[in-house]
Amino acid sequence: MLHEQLGNKIDAEAERTGFSGALLVKKNAHIIASGAYGYANKAEQWPNRPDTRFGNASGSKLFTAIAVCQLVEQGKLTLDSKVMDILEQADFPHYSRDITVHHLLTHSSGISDYFDEETMDDFAALWTTRPMYLLKQLEDFLPMFRELPMKFAPGARFHYNNAGYILLGLLVEKLSGVAFTDYVERHIFTPCGMADSGYYSLDALPGNTALGYIVQDDGTWTTNIYSIPVKGGADGSAFVTAPDMLLLWEGLLQHKLLGPELTDLMLTAHIHEEKEEYYGYGVWITKRNDEVYKYHVMGYDPGVSFHSAYYPSSGATAAVLCNQSRGAHQMLKIIEECLA
């Protein structure tokens, strides 16, 4: 009954809003909803499929946090390690020496971001004077923020920060000896069986990958190839499928990636953002009546919207991937209404 009811509501929502993407919902390992809508390529009218790859923007920060916690588990650093003791202080002349790995993971480091969501709202505007096609490695982002002053003392408050996750990626590279994206694909995607996910350049996308679309109010559209960095990294923009994203939750919760202690630390509400929202390590945590309602990740870029969640009380997991700037949040809301 739930399967039919949810399917009908999802179809109606997709029709009403013109949703373009794919979704998958499981409860206790059973699929209760799956679907694909719209086009992966609008010009050729190639339809999205349930296993199409989509960009997930900041949803990839969870992968970065897992990578860092794996290195903690291996004894290569601690959550209290001072970041400037590992990276070159000379590269970040204004950064506090008190910044720890924990501060970066929880967006409480106090460093300035290259895209500050407290003062900026147009991510694409970053690339009007800076060639986005040159941003292929983590080091390529450093000129955008390493000379900026601190915003506040480490640990003082929450401030969502992409630059902080770039630094975490640099830690992974320095301590593992391999490129960040190679590390994630090898040590996170492969153990989880995420064979269709990876970090791809926008100018060299593999088959069955959705292009991202920026749709105007009059219905005209452009792709997002000039609006986001050409290749994703530690702060976001991997490409994943809906089935692979649920495999990630499964791998994390079944300790395929980390032991129980580090998994629990990742899923601990370390810092309060606002209202019912808290942040762990790379994951948002929503509480209701002091109980965890869901662990979730989300991402928004021009031409990308993404939400994925695990609901501990019911054992349900969901992934909604959309190749337009809006759509994933409202679709997840429909799903949650049926799961309640």
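**Note on helix packing, cysteines and selected residues**

1. In helix 2, the residues Lys61, Thr64, Ala65, Ala67, Val68 and Leu71 meet Asn162, Tyr165, Leu168, Gly169, Leu171, Val172 and Leu175 of helix 5. Contact here means heavy atoms within 4.5 Å. By class, this contact has nine nonpolar, three polar and one charged residues. Ala, Val, Leu, Ile, Met, Phe, Trp, Tyr, Cys and Pro count as nonpolar, Asp, Glu, Lys and Arg as charged, and the others, Gly among them, as polar.

2. This is a predicted model, in which local features need pLDDT of at least 70 and side-chain atom pairs count only at pLDDT 80 or more, while totals for chains, interfaces and linings use all residues. Residues are numbered from 1 along each chain as its sequence is written, and side-chain values use heavy atoms, with hydrogens and water left out.

3. Two packed helices are described by the angle between their axes and the distance between the axes. For helix 2 (residues 61-73) and helix 5 (residues 162-176), the angle is about 40 degrees and the axes are 10 Å apart. Axes are lines fitted to C-alpha atoms, for helices over the stretch in contact, and angles run from 0 to 180 degrees between N-to-C directions. Helices (H or I, at least four residues) and strands (E, at least two) are DSSP runs, numbered from the N terminus.

4. Helix 2 and helix 5 are therefore oblique to each other. Angles under 35 degrees count as roughly parallel, over 145 as roughly antiparallel, 65 to 115 as roughly perpendicular and the rest as oblique. The crossing of helix 2 and helix 5 is left-handed, meaning that the near helix is turned anticlockwise from the far one by less than a right angle.

5. Helix 2 also packs with helix 6 (residues 180-192), at an angle of about 80 degrees and with the axes 10 Å apart. These two helices are therefore roughly perpendicular to each other. Phe63, Thr64, Ile66, Ala67, Gln70 and Leu71 of helix 2 make the contact with Phe180, Tyr183, Val184, His187, Ile188 and Phe189 of helix 6. The residues of this contact divide into nine nonpolar, three polar and no charged.

6. The structure holds zero disulfides, a disulfide being a pair of cysteine sulfur atoms within 2.5 Å. For Cys69, the nearest cysteine sulfur is that of Cys192, 14 Å away; this is too far for a bond. Cys69 is buried, with a relative accessible area of 0%, and Cys192 is buried at 5%. Buried means under 20% relative accessible area, exposed over 50%, and partly exposed in between (1.4 Å probe, protein chains only).

7. Most residues other than glycine have a negative phi. Phi of Ala29 is positive, near 75 degrees. Ala29 sits in the loop between strand 1 (21-27) and strand 2 (30-37) and is exposed, with a relative accessible area of 68%. Phi of His107 is also positive, near 55 degrees. His107 lies in the loop between helix 4 (101-105) and helix 5, and counts as buried at 2% relative accessibility.

8. Lys287 belongs to strand 11 (residues 284-288) and counts as partly exposed, at 25% relative accessibility. Lys287 and Lys275 are twelve residues apart in sequence and 9.0 Å apart in space, C-alpha to C-alpha. Leaving out residues up to four places away in sequence, Lys287 touches Ala269, Glu276, Tyr278, Val292 and Tyr293.
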